[in-house]
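This report covers aromatic ring contacts in one structure. A pair of aromatic rings is described by the distance of the centres and the angle of the planes.

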Amino acid sequence: MKHFSLVALIGTMLLPACTSMQNGIIERVDASEKRTSALTRDVGKVDGPTGQALPSVQHDPGIWIGRSLARNSQVPLPPIFNQPATFERSVSSLSEFAERITLRSSVPTKITADALNAGQPEKIPATARAPSLMPAVPEKTSIRIDFSGGTLKGLLDTATARFGVSWKYANGSIQFFHTDTRTFQITAVPGDSALTANVSSGASSGGEGGGASVNAANSQNTAVKSTLSVFSSIEKAIGIMISAQGKVMASPATGSITVSDTPDNLERIALFIDKENRALSRQVMVNVTVLAVTLTRGDNYGIKWDAVYKTLTNKYGLSNSLANVANTTSFSAAILDTATSKMAGSAMMIEALSEQGRVRRETSASVVTLNNQPVPVQVAKQTSYLKSSQTTQTPNVGTTTTLTPGTITTGFNMSILPNVLNNGTVLLQFSTDISSLRALRTVSSSSATIETPETETRNFLQRVAMKSNETLIISGFEQTDDNLNQQGVGTPTNLLLGGSFGATTNKEVIVIMITPIAMRAS
C-alpha cells in the first residue's frame, strides 16, 4: 500500500508538467498552421520595400505614347506663374525686362550670355551720315510690350518671343537663354564597319614564236566597297539642321551625340534622332542554305526549274514572284513567299529537287545582325600541305632539309549587308565565295618534292530587293566531271582481245537559298 501511494504521488507531481508540455506543442502547431495559411494566400505576391504586397496595377508618372514613356523634364511651375499679370511699358533691353519681372514677382532671374546678345535690340538711324564721312553706328532702341488679361507665364512667353529667346524655371529662378544643350543616345555599336566585295578573273600568256614575241592578257574585275559610319553620318545630317549658332559633336566612345541649339531646333533634331534610332535598332536574321544537286542523265541535261516550281506550287501553294525571269536548265532565279508555309524553305526545295537528282545539304547557317550592319558567314575547312622544301649543304656538317607547311582554306564564305525599309522591304547585298579542294598534286625535282593544291572557286556578288520571310533561290553554278575508262590489248574497241571502255558524266549544280527575316523591335 505504501508503494502504491508513492507511485500515485509521483504521477500527481508529473501531471502538471505533462499538461504544460502538451499545451506548448499544440500552440506551436497552431502557429505553424496559421503561418502556412498566410503564406499560401500570398503565393504570387511580391513584397515591396515596406513589407506590403505590391498592387496589381502600378502608375508610372509621365506621358505614354504607344509603348514608350515620354517624360516631362520641366520642373513644375510654382502657383505664382498662374497669377494674373499685366505689363504695359517699353524696355531698353532683356536685362531691364528681367529686372522688372523680379521686382514684381520676387522670383530671381538669370540671363545667359548668348541670350543677352540675342535679345539686344538695335536700330540704325534713318539719318545716317554718308559713307564717305563716317560708317553708320547702330543705336540702341526700346521694345514696347503690351500684355494684359493673362498670367505671368503668358507674359514670359510673349516677351521672350519679342526678344527672340526662351525661358525656363530651374533651381528656383527664371532663366532666359537663347541656346540649350542636349545629349542624345544613339542605338548603334561604336566604330565603323567596312564591307568589300570583289569578283575578278584573269588570264595571261606569253611566248616567242618565229622570232616574234606574243603576249596576251585578259582580265575582268568587279568590286564594291562600302564604308558604314553611323555616328559620322548622323553628325553630318544634324549639321545641316542646326542654326548658325548651333554646334554638334559625336562621341562614338559613349554612344551619344551632343547638340547645342535653340529649343525649336533641338525638338526637330530629337524627332530625327528618334526616327534614326528606330531604324538602327531593327534586327535582321538571315538564313542561308547551300544545296548540291548531282545529275547523271545524258549529255544535255540540267535541273528542269519549271518542274521544280510546279511541284512547289502544287504541293505547297508557293509561286515565283520572278516568273518573268528566264529559268533555264543552266540558270534560275526565284523569290518564294515562305512565310505562310509550315515547312522550312530548304525542306521544300530539297523535296522538289530530289525528283530530278541526288540532293545533299552542303552547308546552312543563320546569322542575326542590326540594320545596315554587315555580317560574315563562314563554313570552311583548313587543309595543310607541304608548301616548300629547302636543302642546305653545310661543310663538315652535312645537309639540312627545311620543310615549310602551307594552309589552304576552302568552303563557304558569305558577307551579307541588309537594309530594312519602312514598308518591310529588305534590300540585300551579299557576296559569296564557294571553294573546294580538287586535289593535292605532288611536284618533284632532283632536289625537293612539294605539294601544290588545286582548288575550284565560285564567287559572285548580288543585290536584290525582297520582302521579309521571302526566300531567294539562285542557281547557275555548275561543275561537270567527265570520266573515261579504257582497257584492253591493242585498241579498247577490240572486244575479242579483252578490250572495254566506259564513260560517266556527272554534273553538280549549286543552289543557294537566302531568307531574310526582319525581327520586330522590342
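The count comes to five aromatic pairs; rings of Phe, Tyr and Trp (its six-membered ring) pair if their centres lie within 6.5 Å, with planes under 30 degrees apart counted as stacked, over 60 as edge-to-face and the rest as tilted. The model is predicted: local features need pLDDT of at least 70, side-chain atom pairs count only at pLDDT 80 or more, and totals for chains, interfaces and linings use all residues. Numbering runs from 1 along each chain as its sequence is written, and side-chain values use heavy atoms, without hydrogens and water.

Two of the pairs are tabulated here.

| Pair | Centre distance | Plane angle | Class |
|---|---|---|---|
| F81 and Y169 | 5.3 Å | 70° | edge-to-face |
| F97 and F176 | 6.2 Å | 75° | edge-to-face |

F81 sits in the loop between β2 (68–70) and β3 (84–91), and Y169 in strand β8 (residues 166–170), so this pair ties together parts 88 residues apart in sequence. Helices (H or I, at least four residues) and strands (E, at least two) are DSSP runs, numbered from the N terminus. F81 is buried at 0% relative accessibility. Y169 is buried too, at 18%. Buried means under 20% relative accessible area (1.4 Å probe, protein chains only).

F97 belongs to helix α2 (residues 94–105) and F176 to strand β9 (residues 173–177), so their pair ties together parts 79 residues apart in sequence. Both F97 and F176 are buried. Ring pairs also join F97 and F176 with F87 and F163 in a cluster.

K168 lies over the face of F177, 5.2 Å from the ring centre. The rule asks for NZ of Lys or CZ of Arg within 6 Å of the ring centre and within 35 degrees of the ring normal.

Methods:
Buried < 20%, exposed > 50% of the residue type's maximum accessible area, 1.4 Å probe, protein only.
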